[in-house]
Amino acid sequence: MTQTTHRSHWSNRWTFMLATAGSAVGLGNIWKFPFMTGVNGGSAFVLVFLACIALVGIPLMMCEIMLGRRAQRNPVDGMLALAREAGASALWKWVGVVGLFAGLLILAFYSVIAGWVLDYVVRAASGSFKGVDAAMAQSQFNTFLATPLELVLWHSLFMVMTMSVVARGVNAGLEQANKILMPALFAILLVLLGYSMAVGNFAAAVRFMFTPDFSKITPGAVLSALGHAFFSLSLGMGAVMVYGSYLQRHVSIVRTTFYVAIAETAVGLLVGLAIFSLVFAYDLEPGAGPGLIFQTLPIAFGQMPAGNFFATLFFLLVAFAAWTSAISLVEPAIAWLTENTKLTRKQAAWLIGVTDWILGIAVALSFSVWKDVKLFFGLNIFDTLDKLTTNILLPLGGLLMALFAGWVMKTPHVQDELGLAGAPYRLWRFTIRFISPIAILMIFMYLLGLV
Ligand code: TRP
């Protein structure tokens, strides 16, 4: 397919891989995965999540990168161009449109949680974890949540950080920084894990996360695991598609996907083990919800030698991981605006930034003064945005992308783009045609009480 505009491309395959890993590794791994595992009863959630990564996540990530690279456009116009190429309906562009909005809805709450992390950087640096016990860590966190002004200020700062990078384009500076900071995050995670193993109850954490107990699997847990596989790999809304559209032709999509998926899953599991070792050692509540890491990690850092230093570094790196993810949440919308309107990148970034910032304020307030404002199904504002995007919009987007790539696109086009032939191609195609869509559909139908 020909290129419409002179679009920028990643400088090489490493920068693409880093950017994609940077998008995938974020609050989803460090904040969300442990708390969801806790809320959903441990191992059942973890095992279903791993199955979803393997059966749905990895094939779909290849699919989404492939769609983007072939289209060479933003997700909306890209889906339209691919549909035309395949002689299919123009309605396919709605996959891109819905994805674009899903990204903005996610960013609204993502930015608020990233704001918590920024606050914890400052707390760590000022030594406020020194010697805290479980009760103190909890009350510090709850007091913080009940101070809406602070939440809003940190959310504002994070939004400005995100938009100022996006405004400039994902520049070499950030790619460069990623190269140092992502390995640093990994290293400090290992330190944390080692420490948690030494002082915490590592055996109980392993049992909690990995002992198969399928009696605990509820339909809700299965849906959450599927949704989280999408969230964690950044799939189903066009983020990976737009990154793929900046990818040069010679880079292997298959190999890149495996690297990203492995790094991504490893980070989640390691953080989970570190957290639950502490949870069980200190008799904390595994199902504490979104506050879990903020209520457990200060205890460990507070006792560790040089704990202030490690805590500051840890939260700083988490903030960085969140930053590189947030960028990818707005990139589809920015790409669409700059390719379809007269707005410059900078104007587009500020327009979207301000709109999303306002939505984020509502989320920030939903942890205190607007706690009782219920939207759908009795959920508050934060839970509504989280559940609507993670459990519904992302899997739905992924389902449609899989159906499009598996049934609508022409085989030679797909093969050419993926660089696969023979048995590996047939395996991928079988998965994308049958396994992934059926898995997603069954989970949806189960939830609606249809099977
Ligand atoms: N994957 C990121 C995380 O785990 C969040 C994220 C970034 C995302 N871009 C996305 C989620 C696109 C869904 C879709 O924190």
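**Entry: the model.** I noted before anything else that this is a predicted model.

Entry: The largest cavity came out at about 150 Å³ in volume. I listed 17 residues along its lining, and those closest to its centre are Ser 23, Ile 106, Phe 231, Ser 234 and Leu 329. I then checked which elements give two or more residues to this lining, and got α1, α5, α10 and α14.

**Entry: where the ligand goes.** Which cavity does the ligand take up? I found that the space taken by the ligand is the largest cavity.

**Entry: the shell.** I found 17 residues around the ligand, and Ala 24, Gly 28, Tyr 110, Phe 231 and Ser 328 come nearest. The helices that each supply at least two residues of this shell are α1 (13–24), α2 (27–39), α5 (93–125), α10 (219–232) and α14 (307–340). I sorted the shell residues into 9 nonpolar and 8 polar, with no charged residue.

Entry: Which backbone atoms lie by a nitrogen atom of the ligand? For Phe 231, I read 2.8 Å from a backbone N or O atom to a ligand nitrogen. A polar backbone atom of Ser 23 is 3.2 Å from a nitrogen atom of the ligand. For Ser 232 I also wrote down 3.2 Å, again between a polar backbone atom and a ligand nitrogen.

**Entry: burial.** Taken alone, the ligand exposes 360 Å², and I noted that the protein buries 100% of that.

Methods: Residues numbered from 1 in each chain as written. Predicted model: local features only at pLDDT ≥ 70, side-chain atom pairs only at ≥ 80, totals over all residues. Heavy atoms only, no water. Near = heavy atom within 4 Å. Polar contact = N/O pair within 3.5 Å; in protein donor to acceptor, adjacent residues only side chain to side chain. Areas by Shrake-Rupley, 256 points an atom, 1.4 Å probe, with all protein chains shown as cover. 1 Å grid on protein atoms, 1.4 Å probe; cavity = no way out; pocket = protein on both sides within 12 Å on 5 of 7 lines; lining within 4 Å. Sits in = over half its atoms within 2 Å of the grid points. Helix = DSSP H or I, 4+ residues; strand = E, 2+ residues; numbered from the N terminus. Nonpolar A, V, L, I, M, F, W, Y, C, P; charged D, E, K, R; others polar. Points joined across faces, edges and corners; volume = space filled by probe spheres on them.
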